[in-house]
Each structure stands twice: as structure tokens, then as C-alpha cells.
Amino acid sequence: MLHGCKQDAQIFAEGTRMNQLAERHDFIVLYPEQSRTANTYGCWNWFQPAVLKGAGEAAAIVRIMRSVAKAYPVDTTRVYVAGMSAGGAMASVLANRHGALFAACAIHSGLKYGAAASP
């Protein structure tokens, strides 16, 4: 679950109520959080050339996901990525550049992959 600009993981978790669904249906939710030093507004930098190639922040999210999958009983055939706004744009990057890792991708109010090269 990838938050949008001016959000953090906690605000996104509260707004989506995914934790309650996870408890009810027994699944794990991962909320990577963008560093304010990487982007003043907390936006994912989905538009950077390295990220559009699957490196940088996109690769960091994949590393976090793989780490969680090793530490917990995760069915790796049922891993999904979703995001809103800048998080949706980053979800699109992940689906396009690391698509074999995800069963599906959901984008809310985000851009499709390659639609822009700047904020």
C-alpha cells in the first residue's frame, strides 16, 4: 500500500482501513513510507529516470517486500501492489518494472506508467 503526497504510512493505513481487513481475513499489509528528506511533501519520486527503470525507490520497495516475505509466511503468488496519487504512480512503476512479483496492481488517482517524466 503506497501512500500519496502529504501522507505518511499511518495516515494512509487509517484512511484505507486495510489493517482491519487484514486482521479479519488473515493477510499482511506493508506500508512503505517515503522519507521527507527524499521528497519534502512525502511524495514518491516515481518520475525519476532511475525509478522509471525499476531502480532507486522502486527497487527499495521491492527489497522491503522481499524482506517481509522471508520473515513471515507470505504466499508470494498472492502479493498485490496498490497506491493512491503519487503512490498510484509508483504502483504503476512497480507493476511495469517488477510485474512478475505481483498478482495484481490497483491505482487510485495515479498516473499510468510513462505518462510523465516530472512532477
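This is a predicted model: local features need pLDDT of at least 70, side-chain atom pairs count only at pLDDT 80 or more; totals for chains, interfaces and linings use all residues.
Asp 26 sits in the loop that joins helix H2 (18–25) to helix H3 (49–52). Its backbone deserves a remark as well. The phi angle of Asp 26 is near 60°, which is a positive value in a residue other than glycine. As background, most residues other than glycine have a negative phi.

Ser 109 also has a phi near 60°, again positive and again in a residue that is not glycine. Where does Ser 109 lie in the chain? Ser 109 belongs to the segment after strand S2 (104–108). With a relative accessibility of 58%, Ser 109 counts as exposed.

Let me turn to the aromatic rings. How many aromatic pairs does the structure hold? The structure holds one. The partners are Trp 46 and Phe 47, whose ring centres are 5.3 Å apart and whose planes make an angle of 90°, an edge-to-face arrangement. Trp 46 counts as buried, because its relative accessibility is 9% and the class requires a value under 20%. Phe 47 is buried too, with a relative accessible area of 15%.

I now come to the protein as a whole. Its secondary structure consists of five helices and two strands. Read from the N terminus, the order of these elements is α-α-α-α-β-α-β. The radius of gyration is 13 Å, close to the 14 Å that the globule rule gives for 119 residues, so the protein is as compact as a globular protein of that length. Along the principal axes, the C-alpha trace spans about 40 × 30 × 25 Å.

Of the 119 residues, 39% count as buried. Among contacts with a separation of 6 or more, 59% are made by residues 24 or more positions apart.

Finally, the surface and the charges. The accessible surface of the protein is about 7100 Å², and carbon and sulfur atoms account for 54% of that area. The protein carries 11 positive and 7 negative side chains, and the centres of these two sets are 11 Å apart.

Thank you for your attention.

Note on methods
Residues are numbered from 1 along each chain as its sequence is written. Side-chain values use heavy atoms; hydrogens and water are left out. Rings of Phe, Tyr and Trp (its six-membered ring) pair if their centres lie within 6.5 Å; planes under 30 degrees apart count as stacked, over 60 as edge-to-face and the rest as tilted. Buried means under 20% relative accessible area, exposed over 50%, partly exposed in between (1.4 Å probe, protein chains only). Helices (H or I, at least four residues) and strands (E, at least two) are DSSP runs, numbered from the N terminus. The radius of gyration is taken over C-alpha atoms; the globule rule is 2.2 Å times the number of residues to the power 0.38. Contact means heavy atoms within 4.5 Å. Accessible areas come from the Shrake-Rupley method with a 1.4 Å probe; for residues, only the protein chains shown count as cover. Lys and Arg count as positive and Asp and Glu as negative; His and the chain ends are not counted. The place of a charge is taken as NZ of Lys, CZ of Arg, CG of Asp or CD of Glu.
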